[in-house]
Amino acid sequence: MLKISKSTYIVAAAIVLAAASYIFAWVMIQKQNTAIATVEVEAHKVLDAYEDAEALEAVQDIPTLIMSQSDVSKSIQASQLVDLPDMASFPRWVKNSKPVHLNDGMSYVSIVIDDVGVVKDRSLRSIEELPKEVTLAFLPYGESTQDLTKKAYDMGHEILVHLPMEAHTSASGYVADPGPNALYVNQTGDDVKRLVKTNVASLLDYAVGVNNHMGSLFTEWSKGMEIVLDHVAENEMLYLDSLTTSKSVISQLAKNYPQMPTLRRDVFLDHVIAEDKIKEALTKVEKIAAQQGYAIAIGHPHDVTTDVLVEWSKGLQEKNIQLVPITALIKEMKYDTARP
């Protein structure tokens, strides 16, 4: 009677599991639709199965009476990966996004922190202390932007390019300065195009999209915003309208870019930089999320904002709220970009 060692059983079980993973992944791939989000999820599943198969090569004394784990690995690689879409074919907002599983029956909140990269210590607090699901919008000209962007990305945050734009002069006559390489309504189309490219280029390796810094005047200018959205769409990114003016033309123009996800801010968290006002704003965020299923809020790397958000994020489960990165609203919820 043939005596099979204990190690043989272990290896056989491992290979059976790998084969089962292959069958499951193959079935799932056959069922996938053309939606980008579904393709991305299934691709990750298959890659995970392949990595598990590769790990089997560390097992010693593979018996010759069954297929070797090396052959299994090669078979899985050939059968599963040959027909998978290359990650390079995904739009940038997908390639640079962070994976998240949405829990059924919850309201979803996406928090974006603007102006990151300007004041290093405060920016670093946002990166290190806020939950990784918080999206960070870096100003391209920030002195710490290049140093901190990769750190933020590696820690799990999604990244936006915070594009500086001209604001309206206030009623008191104050003229806000959006910073270097900002977009102005008196610029030529060629100048706008050049500046948009300059601002976006430095963050392309990490960013999922663009949102406007200031821009209450510029985002009302159709010609200028068409140039901006042309570049965003060309680079396969999303656009988040910070909605600094009720006359923003972005939602209207977005209809011309059906492949470019476009979202809008619901609440500003720290328009008044005070703890009680920020908490009031978060209460408003919660109500909006409960009503429509999701909400997008924008804040800044002020110490008090970080303090309040860190504390607020600890009690979300009891409120039936899930904090998610900005792309989760597109990939999983099919965000309604046409809402009034």
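V210 sits in strand β4, and V210 is buried, with a relative accessible area of 0%. Here buried means under 20% relative accessible area, exposed means over 50%, and partly exposed lies in between, using a 1.4 Å probe and protein chains only. This is a predicted model in which local features need pLDDT of at least 70 and side-chain atom pairs count only at pLDDT 80 or more, while totals for chains, interfaces and linings use all residues. Residues are numbered from 1 along each chain as its sequence is written, and side-chain values use heavy atoms, with hydrogens and water left out.

- Not counting residues up to four places away in sequence, V210 touches L160, V161, L163, V200, V232, M237, L238, Y239 and L240; a contact is a pair of heavy atoms within 4.5 Å.
- V210 and I159 are 51 residues apart along the chain, and their C-alpha atoms are separated by 8.7 Å.
- N211 also belongs to strand β4, and N211 counts as buried at 0% relative accessibility.
- The side chain of N211 makes a polar contact of 2.9 Å with the side chain of H162. A polar contact is a pair of N or O atoms within 3.5 Å; within protein, one must be able to donate a hydrogen and the other to accept it, and residues adjacent in sequence count only if both atoms are side-chain atoms.
- Leaving aside neighbours within four places in sequence, the contacts of N211 include V112, D114, A137, Y239 and I298.

**The protein as a whole**

- The protein has twelve helices and nine strands. Helices (H or I, at least four residues) and strands (E, at least two) are DSSP runs, numbered from the N terminus.
- Of the 340 residues in the protein, 49% are buried.
- Among contacts with a separation of 6 or more, 74% are between residues 24 or more positions apart.
- The protein exposes about 17100 Å², and carbon and sulfur atoms supply 53% of that area. Accessible areas come from the Shrake-Rupley method with a 1.4 Å probe, and for residues only the protein chains shown count as cover.

**Helix α5 and its two partners**

- The axes of helix α5 (residues 120-129) and helix α6 (residues 145-154) come within 10 Å and cross at roughly 10 degrees. Axes are lines fitted to C-alpha atoms, for helices over the stretch in contact, and angles run from 0 to 180 degrees between N-to-C directions.
- Helices α5 and α6 are therefore roughly parallel to each other. Angles under 35 degrees count as roughly parallel, over 145 as roughly antiparallel, 65 to 115 as roughly perpendicular and the rest as oblique.
- On the α5 side, K120, S123, L124, I127 and E128 meet D147, L148, K151 and A152 of α6.
- The residues of the contact of α5 with α6 divide into four nonpolar, one polar and four charged. In this scheme Ala, Val, Leu, Ile, Met, Phe, Trp, Tyr, Cys and Pro count as nonpolar, Asp, Glu, Lys and Arg as charged, and the others, Gly among them, as polar.
- The axes of α5 and helix α11 (residues 303-313) also come within 10 Å, crossing at roughly 10 degrees, which makes α5 roughly parallel to α11.
- R122, R125, S126 and E129 of α5 make this contact with D303, T306, D307 and V310 of α11.
- The residues of the contact of α5 with α11 divide into one nonpolar, two polar and five charged.

**Helix α7: L195**

- L195 lies in helix α7 (residues 189-201) and is buried, with a relative accessible area of 7%.
- L195 and A182 are 13 residues apart in sequence and 7.3 Å apart in space, C-alpha to C-alpha.
- With neighbours within four places in sequence left aside, L195 is in contact with N181, A182, L183 and Q187.

**A loop serine: S216**

- S216 is found in the loop between β4 (207-214) and α8 (222-234), and at 11% relative accessibility S216 counts as buried.
- A polar atom of the S216 side chain lies 2.8 Å from the backbone nitrogen of H168.
- Apart from neighbours within four places in sequence, S216 is in contact with E166, A167, H168, T244 and T245.

**Positive phi at non-glycine residues**

- D115, in strand β1 (residues 107-116), has a positive phi of about 65 degrees although it is not a glycine.
- L243 is not a glycine either, and its phi is positive at about 55 degrees.
- L243 is placed in the loop between β5 (238-241) and α9 (250-254), and L243 is partly exposed, with a relative accessible area of 22%.
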